[in-house]
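Hi,

Here is the structure I promised to send over.

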Amino acid sequence: MSEPPTPRLITASRPLSGAITVPGDKSISHRALMFASLAIGTSRIVGLLEGEDVLATAAALRAMGALIERGADGVWSVDGVGVGGLLQPAQALDMGNSGTSTRLLMGLVASHPITATFVGDASLSRRPMARVIEPLVQMGADITASPGGTLPLMVRGLCPAVPIRYTLPVASAQVKSAVLLAGLNTPGMTQVIEPIATRDHSERMLAGFGAAVMVDEGPEGRIIAITGEAELRPQQIVVPGDPSSAAFFMVAASIVPGSDITIGNVGLNPTRTGLITALRMMGANITEAQPRLVGGEPVADLIVRHAPLSAIDVPVDLAPSMIDEYPALFVAAAFAQGRTVARGAHELRVKESDRIAAMAAALRAIGARVEEFDDGLAITGSGGDPLPGGGVIATQLDHRIAMSMAVAALQCRRDVTLDDAAPVATSFPTFFDLLDALSGAHAGGGA
């Protein structure tokens, strides 16, 4: 049985002030566990995100033979099985709500001589897996999915698998990573061509673990090649703060008058900074302090002060570098001066929820003026004034809808109720605590 919903009442905020750090980057946390599980020896991971999605990845890797433990000091240790060493799991792998876990682990299993069944919650079981199934089948995996190419599905790996040269039909770091992970245990060179570049955490981290990864630019786009039957070396990994989690606080401080906050240790990989670019185009006051490199990833502390926002036409080419941050951007647009148009984001239709429809409905419920397109929204902002608020927001089992609307509620005249705040735990278990700390406590408990 599914858990009962956990409603949450959010009231308007005083100016946000103080310093916080956000949890470790979710994308990097997933990959750190996976690559460490394929190395021979013990890796240590500092700052791992301990949300439900990443814990689902850890549980699946344990089921396939890796030894993964959390120390009392919060540092995780992983004793890997080596590339090619994954074991047959004894039961289905429960991915919960995590699309990243599912798609990347499908890639790992595809080139190992094992069979794994993937199951998930109601939200994940609606999400399309065909885009991952297609290249993995080309490599030789036998994949049986539910009607519509969804979970539950079974992957029977092939060893040795067949190296392929695959052009991504849609910009997707998850599909790219699944193919590269399958290529780790595939003799020869597996290549992925990206017409539009996506986040490159897999390439950076695989190279750090010792895989033979080459990245080049060609007339078709960005070409990532991996030479298979790799031997990965254990690593010491420090996970930077997740820019997708920092996004909510960047928008909150931008829209609540008088706010001045610092968000420490935020990962600023250039494939992930689209929201910062868009907010600065709107007039947001975001500065970077103490820029540095941590484990090959650029990191800085972000200082965000309230500033009046102006509407923009969001450049379509920003979409891959901010695809998870669109719900937060939509909230910023609702408080800007003028009509913001954000299009070219078809991918939002197939996230944990249909984020275009869900955010359109949620913003209308608090009094925003919204037009919906097949690939985005146009939002006429309040010019910085509070929105009416009130009512109950349908979060659609989607953590980013819940957090985005909690931020919007901070600048509403009447209280706003989230119908279910529980999904926030999938990516950001401490979100409401940090919101309380910055705002002087106003994100109340059950409604």
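Helices (H or I, at least four residues) and strands (E, at least two) are DSSP runs, numbered from the N terminus. This is a predicted model, with local features needing pLDDT of at least 70 and side-chain atom pairs pLDDT 80 or more, while totals for chains, interfaces and linings use all residues. Residues count from 1 along each chain as its sequence is written, and side-chain values use heavy atoms, leaving out hydrogens and water.

Cavity first. Searching the whole structure turns up one cavity of 30 Å³ or more (a set of points on a 1 Å grid over the protein atoms alone where a 1.4 Å probe fits but cannot get out; lining residues have an atom within 4 Å of a point). H7 (243–255) and H8 (274–281) each give at least two residues to the lining, and H7 has the largest share, three residues. Among the lining residues are Pro-243, Met-250, Arg-272 and Glu-325.

Now the sheet: four strands, open, mixed pairing, in the order S4-S5-S3-S14 (two strands pair if DSSP finds at least two bridges between them). S4 (67–70) and S14 (236–238) sit at the edges with a single partner strand each, so one side of each has no neighbour in the sheet. S4 and S5 (residues 76–81) run antiparallel, joined by four bridges, and Leu-67 is opposite Asp-79 in S5.

Cheers

Note on methods. On a 1 Å grid over the protein atoms alone, a cavity is a set of points where a 1.4 Å probe fits but cannot get out, and a pocket is an open set with protein on both sides within 12 Å along at least five of seven lines; lining residues have an atom within 4 Å of a point. Grid points are joined across faces, edges and corners, and a volume is the space filled by probe spheres set on the points.
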